[in-house]
Amino acid sequence: MTMLDLQRVTKRYGKDTVLDDISLSVDEGETVAIFGPSGAGKTVLLRLIAGMAEPEEGAILVNGEDLIDVAPENRAVGMAFQNFALFPHMSAFENIASPLEARRSTKDAVADGVHKIAKLLKIDHVLGHAPRELSNGQKQRTALARALVAAPRLLLLDDPLRNVDAKLRFEMRLELPRLLEGFGSTVLYVTQDYREAMALGNRIGVLIDGHFVQIGTPEDIYLTPTTIEVAELFGDPVINLFEGRVEKAGDGTTAAIGDAKLPLPTGYEDQVGQPVIFGIRPENIAKADDGTAGAIAAKVAALLPLNDRLVRLLVSDDGHEFYTSRDLGSEEAVGEGARLSVSAAPQDIILFERDSRRRIAPAR
Amino acid sequence: MRRKRRNWLPYLLSLPALLVTIWILIPFFTAVYYSMMRYRLSLPHLKGFVWFDNYLQFLTDARFWYTVQVSLTYTVLTVVIELVLGLGIAILLQRSTRFNNLAAMLLLLPLMVAPALAALMWKLMTNPNFGILNYFVSLIGFSDFRWASDPSSALFTVILVDVWVYTPFIMVLLLAGLRSLPKQPFEAAALDGVPKTFVFFRITLPMLMPYILTASLFRMLESIQQFDIIYAMTQGGPGNTLTVFQVESYLQFFQFTNVGRSAALLMVLWAITFFLSNVFVKNWLRLRERAHGVEAE
Amino acid sequence: MHHTTTGEKILRGVLITLALVFFLFPIFWILLMSFQTNAQILRIPPSLFFEPTLINYTSLITGELQTAAGSLKLEFMHNLWNSVILSTGSVLISLLLGVPAAYAFARYKFRFSEDIAFTLLSFKFAPPLLVLLPLTLYFQAIGLANTYIGLIWVYQLITLPLILWIVRGYFEDISPDIEHAYRIAGHSWAKTFMKISIPLARPGIAAAGLLSFIFAWNNFVFALVLASADKQPVTVGALAFVTASGIQYGQIAAAVVISITPTLALALFAQRYLVEGLSLGAVKG
């Protein structure tokens, strides 16, 4: 059942159109990650839903009710701010208690609620502290607790892990999905980190320049990005792009990249002869047996360790540079200067139109 | 297209403040009206509208030009002296040590004395019978120095009081300015062995300029309107030695009951302060933006 | 690095001492005078050593001065009381009106907002007599002449712009998100204003209040023009007192001391905020 429904929402600040005619439906209990580069309008979107700003056009519906004339305090949403926005003159306890107090709960019920959520977020030992006495991690958890404590029907999280250190971010990335699931809330989660978006979102909305470029499950977005831009935003190292053309080969088609010809899956027959851009993710580039027809002959130009993986920068004989992050053999065996042939499985090659930079879906 | 609802709250919040003060426009326009009238309280039957007669008369009126001259002299001298002294003291106290901060705090006290009372204090100190300052100057050979009661030294005396009261104002603003300047240019200059006078004229002074401008414009605005010190000290005398704008218009109103002339004089002063305050506000806003970086959405 | 030479240090010390002497000596000297009898004051050469007397203060406080020529009534305590009423009343009303307005100007961009804010500021810079002289005639007509209410009303021209512009800066420094967070938590605008905005701006509100009190207290020309003897504050009263008491210099000095003590004390109290207040929020101390 649709819980939150954004209908053709447009927001302008002066002459700037920050959100341009965007629509999004979120189901009850679903977590949608709003992902995009900074300045894309992610935070503005949350502000509109929370009632801190008003859209110029469009409607925001929660459970079918238009929120336009509903004051922020009556929208029953919870929100965690990127800069935490804790009340500096109140203790952590009072901060977390504020949504419960607003609902006129009894004193005992307030204390109960605060302690429960504080325990869950492991901040029950610092409830008496003022915000300035809390570590960044504790501040972040306090802000989260304040957003969650009243079990709001809709939870808006504005990049809550942005201002915490890497270790904590890693922990929280594991902890948050379980926590959010436990609350059963519908969640909009804003982030600039594609990993966070993929780990937390049932679906991801990719917001660029005030438009949703793609809304879909993490798999959808990773495997079938609608544009090169989206493809480039997801994945590290970044997706490899090769200019080339689709050529006919027997019954099927191949991707002609320089001298190499990689077989394509069926469905691209009508693209034959078209100049296109082929996208192949680094982890999908595998070593080909020597002598495989059409493989890309390349030389290892550099070895770059990335987290637990070894990334190689390869240069093909016809001058294309690209990354691989798949196991191609030990560092000694395939070291700098080593020559090898690589290729990719047909289904791992993504085609984009050269001019519009949009994905070409295979014909059914 | 969604209807953009007007938020009345800000109007509701700011209106009472405006309502309580906006009536000032009534006496203001009354003054504008009076300034174009022949209007003496003592000669009510002569009352009548004369357009710009009062202003035109000023052109050939020596007493008016004397007012202009003495007001400008007073303003220029006080502001220049206070600026030089205030800047000097601010530089002396620039380093934030405990002694310097204590000194800065004590030096601020004269600014907190009501200017009228400050004049009274200096009157007591320059009394011909027992004034301590008379005693001091007699030690260096001025046995009968008569301070504010002598036309030749009256301006000097009121300027002295003005300097005593308002130098701390410039001092404290420039001190705050000096202490807020970025450190890097000075460290770089020191490392390169740049001479101190060069650093002062080429780095300190230009960077301090917004503060200097704001502080001295503020002082100019007040100084051209000075009333309290001069009136409390001499009531414009001796004779009409110190008939600056506001003192002169006060005397014209209450002593000569010449309402029209008094109002016209004040309009001339208003024109000057209007011009000055526009220049001031521009500079002041620039400083203010620097102090409150974040602009609300 | 530049090294300060010993000579420089000494010169610096001497100059600072000179400045301190020039700016503090008058206060010090008047304080001494206030503890002297007329005879002691008139002694030449003046002396730092004398037997202090409280006679000047007691006669000011009791309101009666016994002289050889008989008893003289002193109204000074009444002036002091007027100063307290006028300054306190003006500041309280200005806070009541100015703080909400300051909030509006800090948080909302509305039509005419800057025009209104600058109009209020411009009142501070116009020549006061321009308004006061016609006002004497109006005040007679509407019965506000020589009333506390009339004076406090006019005093708003001093205190309100000051409070408005200082407090506005403090509100601007509060992150709007903190207020948003409280509202999203379920609290009304009014409650958010009282529980979040006001407490967070409290230092600024206190500072603006203290400063505008000092300015109201030190005002001279408003009351000189609009108030008769029974409503005059100390600034005007002390001057009248000089003429009335003639040669009672000790009492005049004591009256000055009593009149300037409140503002000096408040200034020391509020010194952290003085710079910001004096520059109407443009310079932070």
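Is Phe112(C) buried or exposed, and how many other C-beta atoms lie within 10 Å?

Analyst: Before anything else, keep in mind that this is a predicted model. Phe112(C) is exposed: 12 other C-beta atoms lie within 10 Å, and since 12 or fewer counts as exposed, that puts Phe112(C) in the exposed class. You'll find Phe112(C) in a loop of chain C, with helix H4 (76–107) on one side and helix H5 (113–122) on the other. What makes the backbone at Phe112(C) worth a look is its phi, which is positive at about 70 degrees even though the residue isn't a glycine. As background, most residues other than glycine have a negative phi, and most peptide bonds are trans.

Chain A has a case to set beside that one. Ala76(A), also not a glycine, has a positive phi near 55 degrees. It sits in a loop too, between strand E5 (65–66) and strand E6 (77–80) of chain A. Ala76(A) has 17 other C-beta atoms within 10 Å, so it comes out as partly exposed.

While we're on backbone geometry, have a look at two prolines. In chain A, the peptide bond running from Asp236(A) to Pro237(A) is cis, with omega near 0 degrees. Pro237(A) belongs to the loop that links helix H8 (228–233) to strand E11 (240–249). In chain B, Gly237(B) and Pro238(B) are joined by a cis peptide bond as well, with omega about -5 degrees. The loop holding Pro238(B) runs between helix H12 (228–234) and helix H13 (245–254) of chain B.

Back to chain C, this time for its domains. Where they touch, domain 1 of chain C puts in 16 residues and domain 2 of chain C puts in 14. On the domain 1 side, the elements giving two or more residues are helix H1 (6–33), helix H2 (38–41) and helix H3 (55–62) of chain C. H3(C) gives the most to that side, with 5 residues. Sorted by class, the domain 1 side has 9 nonpolar and 7 polar residues, and no charged ones.

Chain C also packs against chain B through a pair of helices. Helix H7 (residues 115–125) of chain B and helix H12 (residues 249–269) of chain C meet at an angle of about 150 degrees, and their axes are 11 Å apart. Angles over 145 degrees count as roughly antiparallel, so H7(B) and H12(C) fall in that class. Their crossing is left-handed. From H7(B), the residues in the contact are Leu117(B), Leu120(B), Met121(B) and Leu124(B). They meet Tyr249(C), Ile252(C), Ala253(C), Val256(C), Ser259(C) and Ile260(C) of H12(C). Taken by class, the residues of this helix contact are 9 nonpolar and 1 polar, with no charged residue among them.

Chain A has 8 helices and 20 strands, and along its principal axes the C-alpha trace spans about 75 × 50 × 35 Å. Of the 364 residues in chain A, 41% are buried. Among the contacts in chain A with a separation of 6 or more, 66% are between residues 24 or more positions apart.

Methods: Residues are numbered from 1 along each chain as its sequence is written. Chains are lettered from A and ligands numbered from 1 in the order in which they are written. This is a predicted model: local features need pLDDT of at least 70, side-chain atom pairs count only at pLDDT 80 or more; totals for chains, interfaces and linings use all residues. Helices (H or I, at least four residues) and strands (E, at least two) are DSSP runs, numbered from the N terminus. A residue is buried if 20 or more other C-beta atoms lie within 10 Å of its own, exposed if 12 or fewer, and partly exposed in between; C-beta atoms are placed from the backbone. Two residues are in contact if their C-beta atoms, placed from the backbone, lie within 7 Å. Axes are lines fitted to C-alpha atoms, for helices over the stretch in contact, and angles run from 0 to 180 degrees between N-to-C directions. Angles under 35 degrees count as roughly parallel, over 145 as roughly antiparallel, 65 to 115 as roughly perpendicular and the rest as oblique. A crossing is left-handed if the near helix is turned anticlockwise from the far one by less than a right angle, and right-handed if clockwise. Ala, Val, Leu, Ile, Met, Phe, Trp, Tyr, Cys and Pro count as nonpolar, Asp, Glu, Lys and Arg as charged, and the others, Gly among them, as polar.
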